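Here are a few notes to read with the model open beside you. Take the points one at a time and find each spot as you go.

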Amino acid sequence: MSTRQKRYFLTEEEIPTQWYNIQADMKNKPLPPIHPATKQPLKPEDLFPVFAEELCRQELDQENAWIDIPEEVRDMYKYYRSTPLVRAYGLEEALGTPAHIYFKNESVSPVGSHKLNSALAQAYYCKKQGVTNITTETGAGQWGAALSYAAKVFGLEAAVYQVKISYNQKPYRRSIMQTYGAQVTPSPSMSTKAGRKILTEDPNNQGSLGTAISEAIELAMSTPNCKYTLGSVLSHVTLHQTIIGLEAEKQMAKAGEYPDIVIGCFGGGSNFGGVAFPFMRHNILDGKTTRFVAAEPASCPKLTRGVFQYDFGDVAGYTPLLPMYTLGHNFMPANIHAGGLRYHGAGVIVSQLLKDKLMEAVDIPQLETFDAGTLFAKAEGIIPAPESCHAIAAAIREAQKCKETGEEKVILFNLSGHGLIDMAAYDQYLSGSLQNFEVTDADVAKNISELEKVI
């Protein structure tokens, strides 16, 4: 056993059999999503044309704290779960900190990220309902890869709209999806009404998750026996990701410690909620005082600089109106390499938790994230995804505070994926050509001023 790392696993029998639904335990429930036409609270059946029916029920469930994981999904989880909880002695040594740093290593999944946890569940529910085709969007390509693989596992055909800048920056992500048999289209495209409108107004538009979502939903609604699947933001996605935190809870017990701080990078909220919510229930129910920190890019700071407002989840306005912290659904983020975090809004659960001060958020410049990622790689041997580098940077900030104060805090962060297919980004960083991008107050104010005021 290396003295630079210690890993904790669970036996097959210890892998959780249920997901955790934090909505059931929240004192202040999230406000309801609103039907964009009627302006009335959404009912599960309103979502049936777009999503598998069981996913619609999970989305709006605020009563049941525990949802059974179907055996067929749990059987697939056993291929790569439990993922290791790692004591990062190497990183602690490199920082000279008294903090105890742990990370949950989701990069060991077959597709290299946490995204498979929900992709398998969503593909299963679609297959169970008799669906034959599924569509989705993807930013960096990790969700697209996971959904493409999950579709093949359950005998479905997948069509993926990949944000154009990532489609060009990360060609191997596209190749992975195509290897699994998915059809991949750069978004915005001329293949949908939403895409044509965007390109007509801005022919050089490099896309966002909001544009790709619009195109994927449009394809799902215009294709027989087809449903849309989503990689983050919505509550049922975060529900499936709680397998991460539920495992980590048991593994931390094996390590004989409990986290003072839990950290996750933040795009729409699924990986942050996945690691944080199982621990947060003890703050809500048992009086624990763990801090929860969401780490987002400074170029897309919806939690730290957005407003709490009803907004669409996509550019074209096909989604319900969601009560979220948002920069405005027309916001076009800078072309940073953390494509999975380039989303204008936060999920409704996280938005309510932030509003109630049960969690906090930090925004981190791109160069600082790659500083953190390369330090982590040297210390722990794993090259992290650009998205995960945000969580590492936030963990390093907290560990350095401990060094200054002498406090021996326990820090847990989620390593959401590896960066072995993101080396073009590291090339730019190592050559000194990578830049920071800051969104201006004027841009934020302009986008937010255009939002429809719906309460």
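Which residue just after α15 takes a positive phi? Keep that in mind as you go through the points; the model is a predicted one.

1. Start with the end of α15. The residue is K357, and its phi is about 65°.

2. Now look at the helix itself. α15 covers residues 348-355, and seven of its eight residues are buried, so the rest of the structure largely encloses it. The buried ones are V348, I349, V350, S351, Q352, L353 and L354. What do they pack against? Their partners are the helices α11 (235-241), α13 (270-286) and α14 (302-305), along with the strands β12 (307-312), β13 (321-326) and β14 (360-364).

3. Next, pick out α12 (residues 243-255) and α13. They pack at an angle of about 60°, and their axes are 6 Å apart. That angle makes α12 oblique to α13. The crossing of these two helices is right-handed.

4. Stay with that pair and check the side each helix brings. From α12 come I244, G245, L246, A248, E249 and M252, which meet G274, V275, P278, F279, R281 and H282 of α13. Sorted by type, the contact residues are seven nonpolar, three polar and two charged.

5. Finally, go to α18 (residues 423-431), where A425, Y426 and Y429 are the buried residues. They sit on the same side of α18, because they cover an arc of only 95° around the axis. Their cover includes α16 (366-380) and α17 (386-405). Just after α18, G432 has a positive phi of about 85°.

Key:
Residues numbered from 1 in each chain as written. Predicted model: local features only at pLDDT ≥ 70, side-chain atom pairs only at ≥ 80, totals over all residues. Heavy atoms only, no water. Buried < 20%, exposed > 50% of the residue type's maximum accessible area, 1.4 Å probe, protein only. Helix = DSSP H or I, 4+ residues; strand = E, 2+ residues; numbered from the N terminus. Arc of directions from axis to C-beta. Contact = heavy atoms within 4.5 Å. Axes fitted to C-alpha atoms, helices over the stretch in contact; angles between N-to-C directions. Parallel < 35°, antiparallel > 145°, perpendicular 65-115°, else oblique. Left-handed = near helix turned anticlockwise from the far one by under 90°. Nonpolar A, V, L, I, M, F, W, Y, C, P; charged D, E, K, R; others polar.
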